[in-house]
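Hi everyone, thanks for coming.

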Amino acid sequence: MDISRFNSRRFLVTGLIVLVLLALLATLPFYGSAYSVILLTSIFMYIVITVSWTIFSGPTRYISLASAAFFGVGVYTAAILGKVLPLGVVIIIGALLSFILALFIGVITLRLRGMYFIIFTFGISELIKNAILFYETHFSLTVGRWVPRVDQTTVYYIMLAIFVALMLTTYFIRHTKWGLALQSIGQSEEAAAHRGINVTWVKVITFAISAVFMGAAGAIMATKWAYVDPRIAFNPLLSFLPVLMAIFGGMSQIYGPVIGAAIFTYLQEILVTKFAYYYMLLFGIILIVAILYMPNGLVGLIQKRRKRGPPEQQAST
Amino acid sequence: MLVTALDILIAGLIQGGIYALIAVGLNLQYGVARVLNVSHGEFIMLAAFITYSLYSLFGISPLVSLLICGPLMLLIGFLIHRTLFQRLRDTSESIDIFEGNSLLASFGLLFIIQNIALLIWTANIRGYSYLTSPVNLSGAIFPENRLVALLFAVVISLGFYFFLMRTRLGKAIRAAAQEPTTAGLSGVNIKQVLAICFGLGALMAGFAGALISMTREITPLIGLNYTIIAMIVVVLGGLGSITGSLISGFILGLIGSIVTYIDAGLALIAYYVIFIVLLLVKPTGILGK
């Protein structure tokens, strides 16, 4: 938040590291194995969902469990339009539809706070899932759909592009008045309104922006999976995982959710095929331990180690 | 036609009895202890599997298991609250933050309990036959076990209602629900009462689980569905209103059996639609203030 960071040396160093990392990631398909491309694609998928979730839920403390709905809308956009429209258009439509759904949810949930908002967002994801399931079994007569497959490298590049766009958006939001407005809403909605912030507008638009990236991620992942059904596309885990990953990583810094998502997705990739039940068990244990002992996530631990003055203002739940 | 109506009515009541039971449990945990326990259904599932194992391994009657599962879940719930949720309550800055944190912690519990159950019992569908002889209720035919389940659900719910209204502990619980701080000042051991409330919620889940295993096939994955149904019933009846939960349990059960009669695939959708419309129109529920 401090302006001095812009002209400090630390800013330059950080910028340089980011550029080198980006260059390494962009050239990965040339030197990395096919597996590493696939692994990084799914890591970026979770990072995108987690960081998008944090844009809205981090500062405002409204816990949304609608991530699966936004992701699933993207998936189904690709499943329905994938055969008739070019990939880029499909992704943009998926993102737009998620945006519209989020606007709709945002506008109708204005009166709901705290627990009601959480269970409402969960309910709406499950409603959409069950409605599509009902439609498919009664009218399409098949539960799943085939999506035109796209090669892994293209999927990887598009996911990387979504990730970069998302990080830029997040950075922009955090370092402008908009981000400050979000934080003050999280601390006290009434005080924020008295300060002249259009609370409703800021909340709804941020929520919708966060959905854009989830929708885009869903649309591109559908082409990777090739087969989708409502249970895959609207899997409630897609709503729970980002919450855990963001808390585990810590939400006070922009890189917290990124680290959290990367670590968890990697764990999932190596454990889930052989020890699925143990993975989920471990997942539950880490979730509880993180909430009990690491209220500020990994970022909090790192900052404690460094002991650079008083801990920063927290945006976490 | 009349028989069909009777069929739907009784099926709805049977379903509703279970719904009322699990909703009362969840309502106690959220209404008093402020924990929106999404692992509620996992306690139901656990009790169902314990009942199943006791019956299939040792031939212990499910109705006896009821008396084992209930207290066991009460104890587990009590201990979980004393160790996990009380600590969260102490460290959270405000009640809103506690609600968020406890919700996430209960997600953790959900994954832990569910996957332990998957490791023990695997994902296979299990079931057993108990009291299956048909009973003819003036044309509508139901297996005995369902009617026994309904009877027990009603007796347990009413028993619990009187416990809340007539006993000293019940009074303490109601006081803690209204004003935790003031209740603490007037001599209610608030930590103990909150843990007991959470435990009693788990007790209800334990009873419901044992009854469910008698009438339905079970897998370790059934929990979340029951949690969601309990949540819908609680919101329908009003958060914190035990009477509301009891009545709404039967209302939702009846709606469910009517919709199932039209098309079985629509039941869950109907529940969600009711839920969402309710949250938008009257989030305080039919009996809420």
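The largest nonpolar core holds 189 residues, and A:Val48, A:Ala217 and B:Ile22 have the most contacts inside it. By core I mean a set of buried Ala, Val, Leu, Ile, Met, Phe, Trp, Tyr and Cys residues joined through C-beta atoms within 7 Å. Buried means 20 or more other C-beta atoms within 10 Å of a residue's own, with C-beta atoms placed from the backbone. Helix H8 of chain B, residues 190-215, gives the most to this core: 17 residues. Helices here are DSSP runs of H or I, at least four residues, numbered from the N terminus.

A quick word on the source: this is a predicted model, where local features need pLDDT of at least 70 and side-chain atom pairs pLDDT 80 or more, while totals for chains, interfaces and linings use all residues. Residues are numbered from 1 along each chain as its sequence is written, with chains lettered from A and ligands numbered from 1 in the order in which they are written.

Now, what does A:Val48 contact, leaving aside neighbours within four places in sequence? A:Val48 meets A:Ile162, A:Phe163, A:Leu166, A:Phe213 and A:Ala217, contact being C-beta atoms, placed from the backbone, within 7 Å.

On to helix H10 of chain A, residues 199-225: 20 of its 27 residues are buried. Just after H10(A), A:Ala226 takes a positive phi of about 70°.

Finally, the two chains: 35 residues of chain B are in contact with 33 of chain A. H4(B) supplies the largest share of chain B's side, 18 residues.

Technical notes:
Buried ≥ 20, exposed ≤ 12 C-beta atoms within 10 Å, placed from the backbone. Helix = DSSP H or I, 4+ residues; strand = E, 2+ residues; numbered from the N terminus.
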